[in-house]
Amino acid sequence: MNEHQISVQKLNVWYDHHRVLKDVNVNIPKKQITAIIGPSGCGKTTLFMSLNRLLELTEA
Ligand SMILES: Nc1ncnc2c1ncn2[C@@H]1O[C@H](COP(=O)(O)OP(=O)(O)O)[C@@H](O)[C@H]1O
Ligand SMILES: [Mg+2]
């Protein structure tokens, strides 16, 4: 049984040639509240948009 609600392994996201997320690993537990905290521009919104599929993979 999967122990996490969401599990991310080695996620990379680029905006054009700018890699914003670099090999990000995140495990979000089930039945808990998880907060993501970080300075402006560190990639929080990009991570959420990736999880919600508001950013889709485009092949180069
Ligand atoms: N649509 C976009 N096009 C190009 N660069 C972007 C875009 N959205 C965000 N960025 C850049 O990606 C980085 C992470 O931004 P973002 O995910 O919004 O961070 P946070 O939500 O933590 O402030 C920043 O350097 C930002 O300038
Ligand atoms: Mg943001």
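Colleague: Is aspartate 16 buried or exposed?

Modeller: This is a predicted model, and in it aspartate 16 lies in the loop between β1 (4–15) and β2. A residue counts as exposed when its relative accessible area is over 50%. The relative accessible area of aspartate 16 is 75%, so this residue is exposed.

Colleague: What is the value of phi of aspartate 16?

Modeller: Aspartate 16 is a residue other than glycine, yet its phi is positive. The angle is near 55 degrees.

Colleague: Is arginine 53 buried or exposed, and what is its phi?

Modeller: Arginine 53 is placed in the segment after α1. Its relative accessibility is 60%, and the cut-off for exposed is over 50%, so arginine 53 counts as exposed. Although arginine 53 is not a glycine, its phi is positive, at about 60 degrees.

Colleague: Which residues make the nonpolar surface patch of about 290 Å²?

Modeller: One of the members is isoleucine 36, found in the loop between β2 and α1. A patch takes residues with over 30% relative accessible area; isoleucine 36 has 32% and is therefore partly exposed. The patch is made by Ile6, Ile36, Phe48 and Leu51.

Colleague: Which element gives the most to the shell around ligand 1?

Modeller: The residues around ligand 1 include Tyr15, His18, Val20, Lys44, Thr45 and Thr46. Both β2 (18–29) and α1 (44–51) supply at least two residues of this shell. With three residues, the element that gives the most is α1.

Colleague: How many residues of the shell around ligand 1 are nonpolar, polar and charged?

Modeller: Among the residues around ligand 1 are Pro39, Ser40, Gly41, Cys42 and Gly43. In this classification Pro and Cys count as nonpolar, whereas Gly is among the polar residues. The shell divides into four nonpolar, six polar and one charged.

Colleague: How far is an oxygen atom of ligand 1 from an N or O atom in the side chain of threonine 46?

Modeller: A polar contact requires a pair of N or O atoms within 3.5 Å. An oxygen atom of ligand 1 is 3.1 Å from a polar backbone atom of glycine 43, and an oxygen atom of the ligand is 2.8 Å from an N or O atom in the side chain of lysine 44. For the side chain of threonine 46, the distance is 2.5 Å.

Methods: Residues numbered from 1 in each chain as written. Chains lettered and ligands numbered in written order. Predicted model: local features only at pLDDT ≥ 70, side-chain atom pairs only at ≥ 80, totals over all residues. Heavy atoms only, no water. Near = heavy atom within 4 Å. Polar contact = N/O pair within 3.5 Å; in protein donor to acceptor, adjacent residues only side chain to side chain. Helix = DSSP H or I, 4+ residues; strand = E, 2+ residues; numbered from the N terminus. Patch = residues over 30% accessible without salt bridge, like charges linked within 9 Å, V, L, I, M, F, W, Y side chains within 5 Å. Areas by Shrake-Rupley, 256 points an atom, 1.4 Å probe, with all protein chains shown as cover. Salt bridge = Lys/Arg side-chain N within 4 Å of Asp/Glu carboxyl O. Buried < 20%, exposed > 50% of the residue type's maximum accessible area, 1.4 Å probe, protein only.
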